[in-house]
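Below is a short note on one model, in numbered points.

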Amino acid sequence: MSARIGVITFPGSLDDSDAARAVTAGGADAVRLWHADTDLQGVDAVVLPGGFSYGDYLRCGAIARFAPMMGAVIDAARDGLPVLGICNGFQILCESGLLPGALIRNNHLHFICRDQKVRIAADDTAWTADFAAGQEIVIPVKNGEGGYVADERTLDMLQAENRIVARYVGNPNGSLRDIAGITNESRTVVGIMPHPEHAIDPLTGPTADGLVFFTSIVTTLAARVGA
Amino acid sequence: MSSTDNAAVTQRGVDTVERAAASPDVQQPWAELGLKADEYQRIRDILDRRPTSAELAMYSVMWSEHCSYKSSKVHLRQFGAKQPVTDALLVGIGENAGVVDIGDGWAVTFKVESHNHPSFIEPYQGAATGVGGIVRDILAMGARPLAVMDSLRFGAPEHPDTSRIVGGVVAGVGGYGNCLGLPNIGGEAVFDSCYQGNPLVNALCVGAMRHEDIHLAKASGVGNLVVLYGARTGGDGIGGVSVLASETFDATGPAKRPAVQVGDPFMEKLLIECTLQMFKEHLVEGIQDLGGAGLSCATSELASNGDGGMRVHLEKVPLRDATLSPEEIIMSESQERMMAVVHPDNIDRVMQICAHWDVTATVVGEVTDGSNLQVFWHDELIVDVPPRTVAHDGPVYERPYHRPAWLDARQADEPTAQRCPRPTSAAEFSEHILRLMSSANLCDREWLTSQYDRYVLGNTVAAMPHDSGVVRIDEASGRGIAVSLDCNGRFGALDPYAGAQLALSEAYRNVAVSGATPLAVTDCLNFGSPEDPEVMWQFAEAVRGLADACLTLGTPVTGGNVSLYNQTAQTAIHPTPVVGVLGVIDDVRSRITMHGARYGDSILLIGRTREEFAGGEWAHVLHGHLGGTAPVVDLAAEMALAKVVREHSPLITSAHDLSDGGLAVALAELVLRNDYGVSVSLSDTEADGFTMLFSESVARAVVTVAAQDVDAVRAACELAGLPSALLGVVSEERSLVIDTDAGRIAISREELAAGWSSALPAIMA
């Protein structure tokens, strides 16, 4: 049976159908979840898609973090449910406390959308298992508040524990230590600012490099079942 | 708003129909509301009494130039009269947007609209709400909005106010579109001092639906309910339409900030999802967005297109400012609102869907068996009008027009070699190419386009800087569309008839070189004051030119927008008829882009090059010259080029249209946008090197093909009556090499890129 991966739609989510398409392309079944519900419907993993949840009013991700469905996600993630937060999803993960640090306004103060070179730093997370560390990929980045920040101790800790998942090659927004994505201690929750779901087919994206995030989770889940 | 507040307003005295009938001599502020004496008298004649203040507000805003097209109507009729015979047109001019059949049961709707005046006063909100408004027009047709484009005009790059407007407009277009989740797939940004006090912000939206989902703006069925949903109504944009769009800015400068609307793209996103769900469940009998003229427009449009009357209870409108008077509520242009006509059986489900998306929805009225639109404020009747007289029977002006006396002198002022010295050595050629590539209108647009999300929704096959935006509609079959938005206002200044045709010609070409079949046209006609007979002549000529050319090309005008009064004091903008062309591609996987060439591919120039520099970029950038005869319009050649490209798309590895700056700029762009170089020779071409490189003759493209396919493609060109020239090859060395009669021009990619990429950031610094 295929893995079932949930994609949550918040009011203002924009890349939810893209994420669902990518989940399917990666070989899993996409299960659409609604922010106001609390039932995760037994999914094996969850994607928090990009967009402007609740208009990004107050602070990016700050309101979405309190959505009823996020309560279920936070509990399940602490029990090992794999979660991928993309862009706004990454912001929600930081606001939820599932990942350390925060994402702030780009240092050049503009929204930026471009094809971005990224170097995979950790190939042992639930969402990057099919990559090789050091591999360089090109996927779109598009954000206004994508600058990753944390205190020095946290940054050192992330580095020491190999929890920096991906680094920008050519920093687009002033992220500290070129951080494009990070993971949690158990390496199941990943937040990434650029958009792998927009790079699953060279017809509509710069490459198909992003697809590997979605095949990786299928690999990870299959290994769990096998174990 | 509580009923006590409303009661207080009532006590202050509302101007009711009864009161109006009893007090014929009350002085009314019709002039302040932008009405002329004879227009006010006509309202009195229609109603057989003086209008109430709410009626006066409605008529004044609906009879404004922006809403009634009173100066342009007599000319716009040509788009219908000269409409080409086509099976593709499902819904024509007059609805919120035209609808085109693209095959397989799919219909596409698209439209371009201006938000020029608000964008000068408040660039961010002006541009943002321009995007919001056009997206709602597309939504109101029953379509899911798929993509947006923007055609922008700014003042001189060196003027101190220009960067304020560019920065605000670009952030506004991006801020709204990005948050709304629609990819921006292309457009144009042009700098010219004629737009200094009158920037142009034209936004296009395209959407798709199944044929059976097409919706129209009409209120039918007695007893059906009128539902207002979306944002609450506030004081923003009150009188925006009549005050802003129908008056020329005077020398005292803008002091009308409150009349500009404020946008909330998050609410619009909810509005889209909630509306599409209602369509999906077939819950909507008629629908209209609230844009310019707000409730005045929506209620009178819906009622006049239906088969009965309508009753509206204005005190039920949810407000965010409890102190608004009924007249203000009826005129408010608060954004992100829609009005639907719903059968009583479906009302619960409609309210449920709105609640699901946290969208406020209120039943504010019903369809009646009468003939009038009646608006009540509590129990008092404050509007009682035949809706057609508001929405469709506005004044129509036959404004006087005549050919400007100065035009002969301008057309005689050709950019001859005496007036505009031409390059004679290879070094001078290089210098001219570099100056063109680093000029404001030809330099890299990345500073601007990188602020727009082009990936969201996952169906963008090509976006800027490609010649046209290409979007996949059907994931299974690959069916999709190509859209381009173009205009060169300088051509319009030389000859508005030709200028409009040249805009169409370019947009048609851009769609064609992407491998699509052009189907339909939308236009945004930006001109100065219609009260100036010379401007009015420009407008009349442009419409005549566009209608004639659309007939020849077989591409009907499906809808659009007119923006007049784009002038500061006595100075009007160049006639700027921005034209959008929509084409269909059976399978977007077969589209052609300007990438895709391989080392060793041959470079062909297709099309005839004439000595045409007037109005072109070379004369503009190198000599600041504007005079002479606009390029010859050759629609037959344009159609032939489209046919050759389309029928040989499997052989064509890349294609790029020739337009601004001619062949020199097209070749330089190939070098800048690819990881290869080009090495060409002009020795076997039909004209001298200068003409070949800088002429802006129409119906031309550079294409690359594998060496073994050259003969086949050239034979097809010959058969189609198009000259072609084998210019050279795609080279591994990343430079632009051109052998001319003046010697070899050789410019490295680095040299080209230096000025090209830094020019726009420098303007914005």
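What volume does the largest cavity have?

1. The largest cavity has a volume of about 90 Å³. A cavity here is a set of points on a 1 Å grid over the protein atoms alone where a 1.4 Å probe fits but cannot get out; the volume is the space filled by probe spheres set on the points, which are joined across faces, edges and corners. The count of cavities of 30 Å³ or more is 5.

2. This is a predicted model, in which local features need pLDDT of at least 70 and side-chain atom pairs pLDDT 80 or more, while totals for chains, interfaces and linings use all residues. Residues are numbered from 1 along each chain as its sequence is written, and chains are lettered from A in the order in which they are written.

3. Residues lining the largest cavity (an atom within 4 Å of a point) include F491(B), R509(B), D660(B) and V698(B). By class, the lining has 5 nonpolar, 3 polar and 4 charged residues. Helix α20 (residues 496-512) of chain B gives the most, with 4 residues. Helices are DSSP runs of H or I with at least four residues, and strands are runs of E with at least two.

4. In chain B, 6 strands form an open mixed sheet, ordered β1-β2-β3-β6-β4-β5; pairing requires at least two DSSP bridges. β1 (89-91) and β5 (184-191) of chain B each have a single partner strand, so one side of each lacks a neighbour in the sheet.

5. Strands β4 (residues 144-154) and β6 (residues 200-210) of chain B run antiparallel, joined by 9 bridges.

Methods: Heavy atoms only, no water. 1 Å grid on protein atoms, 1.4 Å probe; cavity = no way out; pocket = protein on both sides within 12 Å on 5 of 7 lines; lining within 4 Å. Nonpolar A, V, L, I, M, F, W, Y, C, P; charged D, E, K, R; others polar.
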